[in-house]
Amino acid sequence: RVHHLTAILAQGLKAIGLKVEQENFFDTLTLNTGANTAKLHDQARAQQINLRVVDAERLGLSLDETTSQADVETLWALLADGQTLPDFAALAASVVSTIPAALLRQSPILSHPVFNRYHSETELMRYLRKLADKDLALDRTMIPLGSCTMKLNAASEMIPVTWAEFGALHPFAPAAQSAGYQQLTDELEAMLCAATGYDAISLQPNAGSQGEYAGLLAIRAYHQSRGEDRRDICLIPSSAHGTNPATANMAGMRVVVTACDARGNVDIE
């Protein structure tokens, strides 16, 4: 559905004289709009539409599961500069996929018995619970391994992320449209600085593995700033998460594995 709508959008844009750069695409298009690019961005924002800023002469469009026929026609009207809009129904009946055949899946999908074994909500719930019982969870024990911090969040902290003000904010939204989000991060950084005594705090990167990498790069840079380049050994327990030695290696450090006892503790002997 998403690709079909994008193909309809692309054909309509070509019909009103715009150049779509991609011959093959799934849900994203880049248009060569030339000298009109800045004006089109202004007109779009006036209608509460954000177009992706590519450069001074090009802009981008992306569709998703929430996109409707009305959205496509709105984009045509925005970009048509007064021209007659294409016939959506006619294009919908005629456009074909632009995805190359070599990229299309040839093997069967959803063929595992699990996809057709459960025929009621209760059966499916019980199956999901059976899977959950095989995993660690905070309601049963601590989760000792891994670099992601999601396991540490309280339920009360998870509620706000369901709000549209958080979840519906696009990563590429202009800064002026995310001032409240920026205020939250600025205040959190200030509180963390007050609590730790650090001069500055960064909330990036978001992934735990990337955080490890950023931290080790900072440590390496600190040693180098003090003329102690030789301090490049990173001690890592044999029970550590696999990202730990990989991160140290990527940061240009030498990994020395330390032994652990039967309980996973570092063996200081």
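Guide: Gladly! Over residues 1–79 the chain is 44% helix and 20% strand, with end C-alpha atoms 23 Å apart. Helices (H or I, at least four residues) and strands (E, at least two) are DSSP runs, numbered from the N terminus. This is a predicted model, where local features need pLDDT of at least 70 and side-chain atom pairs count only at pLDDT 80 or more, while totals for chains, interfaces and linings use all residues. Residues are numbered from 1 along each chain as its sequence is written, and side-chain values use heavy atoms, leaving out hydrogens and water.

Visitor: What UniProt annotation covers residues 1–79?

Guide: An unreviewed entry gives "domain: Glycine cleavage system P-protein N-terminal". UniProt positions follow the numbering used here, feature names are shortened, and annotations may be inferred rather than shown by experiment.

Visitor: How do you know that β2 and β4 pair?

Guide: Two strands pair if DSSP finds at least two bridges between them. Strand β2 (residues 28–32) and strand β4 (residues 58–62) are joined by 5 bridges and run antiparallel, so they meet that definition. Among the partners, L31 is bridged to L59 in β4, and L29 to L61.

Visitor: What makes β3 and β4 a pair?

Guide: They have 3 bridges, in the antiparallel sense. V53 stands opposite L59 in β4, and the two strands form a hairpin with 2 residues between them.

Visitor: Why are β1 and β3 called edge strands?

Guide: The open antiparallel sheet has 4 strands in the order β1-β2-β4-β3. β1 (19–20) and β3 (52–55) each pair on one side only, which puts them at the edges.

Visitor: Why is F115 called exposed?

Guide: Exposed means over 50% relative accessible area, buried under 20%, and partly exposed in between (1.4 Å probe, protein chains only). F115 has 53% relative accessibility, so it counts as exposed. F115 lies in helix α5 (residues 114–117).

Visitor: How do you know that the length of helix α9 agrees with its number of residues?

Guide: The expected span of a helix is 1.5 Å times one less than its number of residues. Helix α9 (residues 179–196) has 18 residues and should span 26 Å; its end C-alpha atoms are 26 Å apart, so the two agree. Just after α9, G197 takes a positive phi of about 85°.
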